[in-house]
Protein chains: 4
Amino acid sequence: MFRNTRTVRIEWSDCDPAGIVFYPRYFEMFDVSTTVLIERALGMIKFDYLKTYDFLGHPLVETRARFRIPTRFGDTVAIETAVTALGRSSFTIEHRLLKDGNLAVEGFETRVWVVRHPNDAARMAAQPIPAAVVARLTQG
Amino acid sequence: MFRNTRTVRIEWSDCDPAGIVFYPRYFEMFDVSTTVLIERALGMIKFDYLKTYDFLGHPLVETRARFRIPTRFGDTVAIETAVTALGRSSFTIEHRLLKDGNLAVEGFETRVWVVRHPNDAARMAAQPIPAAVVARLTQG
Amino acid sequence: MFRNTRTVRIEWSDCDPAGIVFYPRYFEMFDVSTTVLIERALGMIKFDYLKTYDFLGHPLVETRARFRIPTRFGDTVAIETAVTALGRSSFTIEHRLLKDGNLAVEGFETRVWVVRHPNDAARMAAQPIPAAVVARLTQG
Amino acid sequence: MFRNTRTVRIEWSDCDPAGIVFYPRYFEMFDVSTTVLIERALGMIKFDYLKTYDFLGHPLVETRARFRIPTRFGDTVAIETAVTALGRSSFTIEHRLLKDGNLAVEGFETRVWVVRHPNDAARMAAQPIPAAVVARLTQG
């Protein structure tokens, strides 16, 4: 399966009055990591892959995270992201955020490939992930 | 167990280019809901309960969410929040975000009661939840 | 000119490691206040007024703020918002954020009424504010 | 005066339902840019310079921004940041955000060097910027 690692610096603005990361910011970081993983797998930025494959996005249907070690502003962390399973119209992603080589936060996502609902522009509908995308995301 | 419901309006700034809530914003809403629940149980705002009980906060050790129905700017939703279990130094919370009476998002949190680590101000340490707090959070 | 006041509670998630509001959050609050002002003037939510008047939004071309008194989590503040000038396709807004009746933050915005550019969907173009909207925003 | 340039990628999460950056995110980017500039001038991260110079931070007393060209997710921009004036306890910063070499957003900040108020831990007090810091920020 496709995997990717990127480096992120924790900023003052990510932290709360206790001086540690306000946990929803981890989900923001993970969302960027998933985007970057797909971008690298497909060889184009999100703005272009949404157009190329003519879909609305890959929203989450479920997510889970475990927070093991707090991080604070000034910390530079690595986020390892990997596709862990690919279904017909959904896929799962795992993130491992490492601080000084130690697992600080784990994230798990189930996402679905969606288009505008054919009969109602205000709604979304799941759609099979294109074969070309599956091929790229399953390569090691 | 103590429970609480509050009303939240989804704002333009909560939404992404697909026009729906960017999911980390749900965790921000849930964090406020947990704070409001504790505030109402204890009868004082967070700024005061942190001082009164001399602790650093109640960070998450784990969280999980299921996203069933998208919400978009202008939606007014209800968030029902309840304590579901109380341990020695940890507790669990459930959130149910309802749109037009339908369950749109579910959130589950495990939090821990922490103080500054006695030997290292840069670290946190779990500590038993005070009996007075347990008493308030377990009242129906 | 139309004016509006709303009450906002400063949350833990709005604050930084110094324990005070991280200043970009004030702009988020002001953006909501401007939306609420226009919603009340027009009698419909933003989702509907964008459709009714068939436009893309009212992005800022310039903004300015003065921070006089810090606010922190648990503070309940009032934000007074008023239209201060209306041009052909732009308008100005002022916000006064009050803490215990004292002016804590002032915000000034110049916004423009925009539609999709007729020749390039990726661009925006200014357009005259509809007469019906001008009429509503200029009423006292 | 000290100056610095950094590269930032605009993310999906920075953008609103109109598909362009939600403007408070620019202030978040500028805040990071100011931090990075001071870090590079002083040769240490913010976590350390707050300790080394024993102060609370450098909050804004005023800011202003002009938005000339919209940016959207996938855009990679450069942010040029420079100290423009140094007073006894305050200093001014300018940011120029460039997209494809064109000035997209300008930001102007007046910040003040603050410590905990000696007689009231809940308040802040301005204090002269240390001579060593002035020396570093004024070097070209």
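Predicted model: local features only at pLDDT ≥ 70, side-chain atom pairs only at ≥ 80, totals over all residues.
Where is B:D100 found? Residues are numbered from 1 along each chain as its sequence is written, chains are lettered from A and ligands numbered from 1 in the order in which they are written, and side-chain values use heavy atoms, with hydrogens and water left out.

To the opening question, then. B:D100 lies in the loop between β4 (90-99) and β5 (102-112) of chain B. Helices (H or I, at least four residues) and strands (E, at least two) are DSSP runs, numbered from the N terminus. B:D100 is not a glycine, yet has a positive phi of about 50 degrees. With a relative accessible area of 67%, B:D100 is exposed; the term exposed means over 50%, buried means under 20%, and partly exposed is in between, using a 1.4 Å probe and protein chains only.

D:D54 is exposed, at a relative accessible area of 63%.

I turn now to the contact between chain A and chain B. Each chain is represented: 25 residues come from chain A and 25 residues from chain B, where contact means heavy atoms within 4.5 Å. About 2,100 Å² is buried between chain A and chain B, and carbon and sulfur atoms give 62% of that area. Buried area here is the accessible area (1.4 Å probe) that two parts lose on being put together, summed over both.

Four salt bridges are counted between chain A and chain B, each being a side-chain nitrogen of Lys or Arg within 4 Å of a carboxyl oxygen of Asp or Glu. A salt bridge links the side chains of A:E62 and B:R64, at 3.7 Å from N to O. On the side of chain A that touches chain B, α1 (24-42), β2 (60-67), β5 (102-112) and β7 (120-126) of chain A each supply at least two residues. β2(A) gives the largest share, eight residues.

How does β2(A) run relative to strand β2 (residues 60-67) of chain B, parallel or antiparallel? The two strands run antiparallel and are joined by five bridges; pairing requires that DSSP find at least two bridges between two strands. Within this pairing, A:E62 stands opposite B:R66.

Within chain A, strand β1 (residues 3-9) pairs with strand β3 (residues 76-86) in the antiparallel sense over seven bridges, and A:T7 stands opposite A:A78 in β3(A).

Finally, two loop residues. A:Y53, in the loop between α2 (46-52) and β2 of chain A, counts as partly exposed because its relative accessibility is 22%. Beyond its neighbours within four places in sequence, A:Y53 is in contact with residues including A:W113 and A:P130. B:E11, in the loop between β1 (3-9) and α1 (24-42) of chain B, is buried, with a relative accessible area of 13%. Leaving aside neighbours within four places in sequence, B:E11 is in contact with B:F73 and C:V32.
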